[in-house]
Structure formats: structure tokens, C-alpha cells
Amino acid sequence: MDLRPSELQDILRTSAADFFEREVSFERIREIEAANRPDEQLHNQMTELGWNSLAISEDYGGQGGSVLDAGVLITQICRAALPSPLASTLVGAVTIERHGDEELKTSLLPQLNSGLTISPALLEASDSLYGPVTAEYADGAVTGEKRFVEFGETSDVHLVAAMHGDAPGLAVVRRDQPGVTASDTPTIGALPQATVSYDGAAAEAWIEGADAVETMRRLGAAVAAFETYTYAQKALDLTVDYVQMRVQFGQPIGAFQMVQMRSADMATIVEGSRFLVHELLWQIDEGLETRRQVAVVKAITAKMAPQVLQDCHLLHGGIGYMQEYDLHFFTRRGRDAALRWGSARETMNIVTEEAFAAASA
Amino acid sequence: MDFQMPDVVVEFREQIHDFIRRNRTPELEEEIAGHHLHGYGPAAETFLQALADEGLPSVAWPEEYGGRGKGALYLWILSEELAREGMPWDTLTYNSVSPTIMRHGSEEQRRDILPKVLSGEIRFALGYTEPNAGTDLASLQTRAVRDGDEWVINGQKIYTSSAHLATHVWLAARTDPDAPKHRGISTFVVPLSTPGITVRPLWVMGEGRTNETFYENVRIPADALVGEENRGWYIVTGALDLERVAIGTYRPLERRVHDIISYLVAERGDLLDDPATRMAVAEASMRVEVGRALATNNAAMVHNDLVPTMEAAMSKIWKGDSSERIHDSFMDILGRSGGLHESNEHAPLGGMLEAGWRSDPPGRFAGGTNDIQRRVIATRGLQLPR
């Protein structure tokens, strides 16, 4: 047990932090948000650094890192508030590596090094993580509608959960082809998400098995929990800096006990979450059973973050509410991440089901 | 980052559970059921002595003081496993005072005191709090005056829990009344058998007792002073940090939540689809999970010879607040019967919720109140202005 970052993780963190510090100003983030699509030049630079294939094994042209290593990168992407398809691509690519056949893996995964982006597509009308999947895969084509597909308007490949008769699985679908129509669905996080309809869209491959869908679901939820924590941590860091500097009644407001208690309570739940989201990625890397753990960690982050984010606004007062100040990037993105891949209500119900099942066993 | 508990730790856990299986007598069970907080009886004393004889607490300590040198993580594991099973354990002696003596005591003191702790000959009570020095501990007034080769102690301490069971008191006393209040305190090891000490019971709202202790011209040898004279405040705060790590253990709560959910599933099928109950079950599970995270983070720090300060305060706050929230919410969910005393045959969970709720207050105020802990997090952890 050693909770300090490995040497590789330290190098990654430093180089990623330097990169975003150098390349990504908040002005640029505002431009990217206005365009509502990821910045291609930045994505290409990140690809050249090997980040787009970080967690994929060297057998398929990847960097041979772990999902936890990729978490180090995701931390820096979130702290820069950069709308980047790197995290959703990670979820899709790792799912394909774990469940795809050799032919698919050797043809598709090396393309990550050329910047290939992947969008997992799971949710349908119920908006529910474990809701019914009605999209159909038949005769090599997919028909159905998916909602909240991250970067769905721009990504190269969609990984679409569908039914092949009675068998669930994942269809690998190129976005840029007839039968795929993506339309923007603006959400609170101001990150590109799309509603996508597939009308007999040709699939490049079919990965059959409920376990493949479940892997994608768990990776998606784990990464969303990780991002939720990261946005809350960043908002808290900004707030702790701010209350040390902001003077009212002749002293920094951070000297007031109400402010200190609120800060301490935020720091406590954020610190607990920090441990849990990192441990969860490690558990996924180790191949441990994670159904219950994904749900409980997602529930914890989804429940704590909204309160922390709103309290960060409270402590900032008027300035934190201004668009020209940067806090809103993190609070809006954090609220969004808390909803993605399972809200608190939905994941708490899974936690309860797991607890009842364990007690009956 | 590696979250894997080493294999040897897993083996040590097994060893602990094996010990518990062999030493969990009906007398002990009965004693534990009636004493949720302080005040172990004879069966618990027997258990603790057997634990010492078996050499389990010694695993963590350096070899030169009678230990097996495996590191502080092992001590944490031992206290966690015993706590989960509801077994007796002397947190103050093993987790707080002894490691503090190891850090600040002279070589002679370490060689004298520590092996006796391991053999069960020495057990500590804490002499910190006074009637007028609670949260503002540094204003304590009990005096220690040097007189030749001796110190002479006069004053009064309160909430000296387990003073009626311990052999020694770990005492903080004022040695320089003219210095600023944080700079005139020293720490002593005082045998409770010394003439001039009176122990008087105080009965608590939970189960069992704590004590007032009175010191009247109590004479102890000069070498009873631990650490540098007048530097005691810093020694005490370090010891309190260690104490909080142990208080912050989440394992008893984990066990309770498990028992509560098992009870609901077995006996209260009518509640399993109730939305409020379902959310309470999830909330309790999530609280245990965050508690595990904060506690394990502490353990990893202790393992690397760091003293968690902010981190210890976090796990202590979380544990105390969560215990109260969980007992309270399930007491409400069960309605009137949630408040039944264990003596009533219909009391759900053997009266655990009623007794638990009554015993919750110290979890939030002992070892430094939770609100002061929030100040510790804010000022020492987040570096907000004092």
C-alpha cells in the first residue's frame, strides 16, 4: 500500500500541468465553448504526446499505461476546464480492448495515435444507466436513438449499446456515414453532448455480450465520478485561495469561523472522495469486482459535489457569479459530471439493492 | 499509487480473528453488551491480558522495546479488527500515549515503560481535561513544581476515563505559570498508586463511567517528566492527533450498518420498498465508505511515519457525525420501537439504536470537539488565517 503517485504518474502530472498552463488560457476555453466542439489542434498536440492511447497496451500501439495513469491526465484536463474527448475515448477504447476481437483491436486501436476519438452511446429515453436498451443491431446495421452522447457530433466512432435479438452488445459505428444524425443537446456543463439517431447505420464491428456493455457502463461511471471529484477539488482550491485574499470587516474572510467550518466540511468530503475515485480506477485496473463499488463511489461524488460547488459560490459572493471569473467553468462542469453515468438518486438505489442482496445472501 | 494491502497484513488479520475466536467468552459478550463506552469489567481485563500475552500489540513496535518491528500499520490493523468485532482494546495506551513516549521519551524511559505496556503491567489513563480547561486545553491549571529530585503535583482533572482501571496517568501539568499558556506545560507519567491521588466516579448518559481525579501534594520522581520541560503542549497535540486516528476508526460503524441492514431484510420486509428507508440505507453505506477512505488514508500516513493532523481531524469528525446520523435515522425509520431499551424483549437489534444514540455524544466531543477539529482543518490544513 503506497498512496503516493508513481514516478510515471508524477512525470505525467507535471508535464500535463505544464502543457495546459502553456497552451490553454481561459480565453481559449471560452472560444472552444462558443464553437461547441473540441479544439482539433489541441487534441492533435495531446495525441502526439501519446495521451490518446495512454491506457492501451503496447500490443495495439498504445503506451501501456493503466486507467489510473490516465486518471492523472484527466485530472489536469478537468483542472484546465478543457472540453476534451480524451476521457470518453478512454472509456470506449478500454472497453474495446477488453472485449473486442483481435481483428477489431488491431485495426481500430492503433488509430488512437492518429487522434481517433470514440463516444460511448448508452442512454436512451429513460436516461437510466440500467434502463432498457431498445436500439437494434441486425444485418450489420444499427437502428435506434441514443441520448447524451459525449462529443457525439464530432467523434470518429460511436460505441453503441444495442440488442442483437435477445443478446446485448456494442456496435462500432463510424459517425461520418449515412444513417447517423447527431444534434446538439446543450447541458449545464457546457460540454458538447448530442442526441444521436441511427437509421440503419452500418456497423464496422459487433461486440456481443452483456459483460461488454457492463464494462463500458462501469468505466463511464468511474471516470465520471473521477471528473466530478476533480471539479469539486478545483472549485474548493479556488475558494480556499479566495477567502485568504478577500478582505471584509478589516480581515480576510477566511478568518471567520463560519467560513472556516464550511471550508473544513467541504475539504473533508472532498478528501474522502479523492481516495475513493483513485482507488476505484486502481480496482478497475486490477480486474476486481466493482459493480457495488462503482455505484457507491458514483453516488458519493454525485451527492457531495453539488453542495460543495454551490458553497464555493456562496463563499465567493458576487465575483464568483461573473462570467469573466473562472469559477463557473468548474461548478457547471462538476454539476454535469455528477449527473453523467448515473445521478445520485439512481446510483443510491443501486447501492441499496446491493446492500439488501448482500444481507440476504 | 498502490491500494493493495500487503499479503502479510492479510495474514495478520487472520491471526487476529483467530485470537478473537479463541477468547470470545460468554462472560465477555455479556460484559460488552452492557458497556458501550467506558468501563470494561473483569472479562475484558482478561481478554486484554491474553492479547498482551499472545504478543499481538507488540507486532508494530521496534525490537529494542520488546516489539517485532513491523511498523505502525500493524497496530492500526489490530485496533481496526478488534473495533469491528466490538472487542475490548486500550486505544489510549497503545495508539496514543505509548507511541508518544516512543517519540519524545528518553532512551531510559522507553526501555523502562514500553516493555511493561506490552506485558500488560502498565495501562494509561489521560490527564488532560480540567473543569475550566476543556476545549481550551492550554489554559489548564494543575501545577507541577520541582522540589529537589521530585515533582510535586496539585490540582484537579476531569473525565479521566478508565482511571479506575489504569495503572498510570499520562498527565499534562503547568510547570511555568509565567510563560504564555502554550509554553508552560509539561507531560508526566504518574503511577495512580501514588499517595495523594483520589479517583471519584462520574456516571455517564451512555453506559459505564468516567472519573474526576484529584491531586494533592502528589510526589513523583524527577524522571517522570517526558520530553522537554515546558514543551508539553506540542507533545500533547501530537498525542491527540494519534488518538484521533484511532477514534476515527470506521469499523464499528461498518459492523452496525451491516447489522441494521440485515435486520431490515430479515424482519422488516414492509420497509424495503419505502423510499426514505432505501435512501437511508444508501446514505449509511456511503458514510461507511467515506469513513473507510479517510481511515485508510490515515493508516497509510502512519505507515510512512507521518502524523496525520488535518487527516486525523477529518476521519474523527466523519466518524462521530456519521454514527449519530445513522443511529438517529434508523431509530426514526423504526418508529417508537427504535427507542426501546435493550432490557425490553421487543427492542430491535437488541436495543442497539437506543444505546447507540445515548453513547454518540462523546464521538463528537471527545479528543477535541468536532467544531474545534473543523478549526484544525481550516487553519492547520487549509492554512486559513487563525
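## A tour of chains A and B

Start with chain A and colour three stretches: domain 1 (7–114), domain 2 (118–208) and domain 3 (213–360). These bounds come from an automatic or database domain assignment. The model is predicted: local features need pLDDT of at least 70, side-chain atom pairs count only at pLDDT 80 or more, and totals for chains, interfaces and linings use all residues. Residues are numbered from 1 along each chain as its sequence is written, and chains are lettered from A, ligands numbered from 1, in the order in which they are written.

**Stop 1: domains 1 and 3 of chain A**

Select domain 1 and domain 3 of chain A. Their centres, taken over C-alpha atoms, are 22 Å apart. The contact takes 18 residues from domain 1 of chain A and 19 residues from domain 3 of chain A. Two residues are in contact if their C-beta atoms, placed from the backbone, lie within 7 Å. Now show α2 (26–35), α4 (67–79) and α5 (86–99) of chain A. Each supplies at least two residues of the side of domain 1 that touches domain 3. Helices (H or I, at least four residues) and strands (E, at least two) are DSSP runs, numbered from the N terminus. By class, that side of domain 1 of chain A has 11 nonpolar, 5 polar and 2 charged residues. Ala, Val, Leu, Ile, Met, Phe, Trp, Tyr, Cys and Pro count as nonpolar; Asp, Glu, Lys and Arg as charged; the others, Gly among them, as polar.

**Stop 2: helix α9 of chain A**

Select α9(A). The helix has 26 residues and reaches 38 Å from its first C-alpha to its last, close to the 38 Å expected at 1.5 Å a residue. The expected span is 1.5 Å times one less than the number of residues. Click Ala305(A). Here α9(A) bends by about 25°, and a proline, Pro306(A), follows within four residues. The bend is the angle between axes fitted to the seven residues ending there and the seven starting there.

**Stop 3: where A meets B**

Show both chains. Here 40 residues of chain A are in contact with 36 residues of chain B. On the chain A side, α7 (210–245), α8 (257–285), α9 (291–316) and α11 (344–360) each supply at least two residues. Of the helices, α8(A) gives the most, with 15 residues. By class, this side of chain A has 23 nonpolar, 12 polar and 5 charged residues.

**Stop 4: chain B as a whole**

Chain B has 13 helices and 8 strands. Its C-alpha trace spans about 75 × 45 × 45 Å along the principal axes. Buried residues make up 48% of the 386 residues in chain B. A residue is buried if 20 or more other C-beta atoms, placed from the backbone, lie within 10 Å of its own.

**Stop 5**

Colour domain 1 (7–89), domain 2 (126–230) and domain 3 (248–381) of chain B. The centres of domains 1 and 3 of chain B, over C-alpha atoms, are 22 Å apart. The contact takes 11 residues from domain 1 of chain B and 11 residues from domain 3 of chain B.

Finish on α9 (residues 275–303) of chain B. The helix has 29 residues and reaches 42 Å from first C-alpha to last, close to the 42 Å expected at 1.5 Å a residue. α9(B) is mostly covered, with 22 of its 29 residues buried. Asp305(B) follows α9(B), with a positive phi near 60°.

Definitions and conventions
A residue is buried if 20 or more other C-beta atoms lie within 10 Å of its own, exposed if 12 or fewer, and partly exposed in between; C-beta atoms are placed from the backbone.
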